[in-house]
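Trainee: I would like to learn how to read aromatic contacts in a model. Please take me through one.

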Amino acid sequence: MKDIERYIVAIGSSSIDTYYDAPYWPALGDKIMVKSLGSRVGGLVSNAACAMAACGLNTYLIDTVNPDARDTILGELDKYGVKSDYILTGDRCAESGTNIILVNGERVIFVSKNKPEFDLPSEHKELLYGAAGLYSIIPEIKNIREHLALLKSIKQRGVKLFWDMEPATFGDSPEDRSLMRMADILFFNEWGMKKYGGQNMETSAAQLLEAGVRAVVVTLAEKGCVVFTGGREIRVAGVGVDVKDTTGAGDAFNSVFLRG
């Protein structure tokens, strides 16, 4: 994307994550002892925004946060170079509280859905009109009132749309399917792709490309990734690492992909 030096706008999903270390994943009705590992700032989109900024991309974040969490979240964004001038604050703007359970380096994430719909101020729309790209997840986009009209308007101005398609971030509704087809790049993990189209990844990707998506990217954990674009299928092998915590791995991958 030749105009990437302008800036990227990421929308949504800052949170205060609380971590627990568990010896195993409990069965239904079971009770186990866990070790608290403290809290830190996280969130699907804000993680990616921090990685983009760390990669050298000029990155803004638009989000709604509770006053009690504002200073903590903005301090962390500033540390990574994310521009937070367009963060909205209000008593009804509760942050997406998150609990993360770690078991042997893998994790289970519980995210509370408590963010209200909001109107995007005119200055925020102007920021989007001048962007090279918009990065977000479908639930965050749907939280913006009149989001379809906004997306059509910014696409007419040449802004590219990048959606992170983890399984929890989309459904099978006509609106979700329509938002997918509006994207320029869709980032799936292997579970997200199976949720979207079943076992046949190639057929699912082809359908999305025929609908107007420019590239479908699927991460495959230790097996690497595959990119479908312009009639091509590009596979890249994974690199072996000593896994400590996979939280944010997909966010980092998506950010580095866009920077590349």
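Trainee: Is F188 buried or exposed?

Mentor: Buried means under 20% relative accessible area, exposed over 50%, partly exposed in between (1.4 Å probe, protein chains only). F188 has a relative accessible area of 2%, so F188 is buried. F170 counts as buried too, at 6% relative accessibility. A caution on the source: this is a predicted model, where local features need pLDDT of at least 70, side-chain atom pairs count only at pLDDT 80 or more, and totals for chains, interfaces and linings use all residues. Residues are numbered from 1 along each chain as its sequence is written, and side-chain values use heavy atoms, with hydrogens and water left out.

Trainee: How many aromatic pairs does a search of the whole structure find?

Mentor: A pair of aromatic rings is described by the distance of the centres and the angle of the planes. Rings of Phe, Tyr and Trp (its six-membered ring) pair if their centres lie within 6.5 Å; planes under 30 degrees apart count as stacked, over 60 as edge-to-face and the rest as tilted. The search finds 7 pairs. One of them joins Y60 and Y86: the centres are 5.8 Å apart and the planes at 75°, so this pair is edge-to-face. Both Y60 and Y86 are buried. F170 and F188 also pair edge-to-face, at 6.1 Å centre to centre and 90° between the planes.

Trainee: Which ring does the charged end of K83 sit over?

Mentor: A charge sits over a ring if NZ of Lys or CZ of Arg is within 6 Å of the ring centre and within 35 degrees of the ring normal. For K83 the ring is that of Y60, 5.6 Å from its centre. R157 lies over the face of Y129, 3.8 Å from the ring centre.
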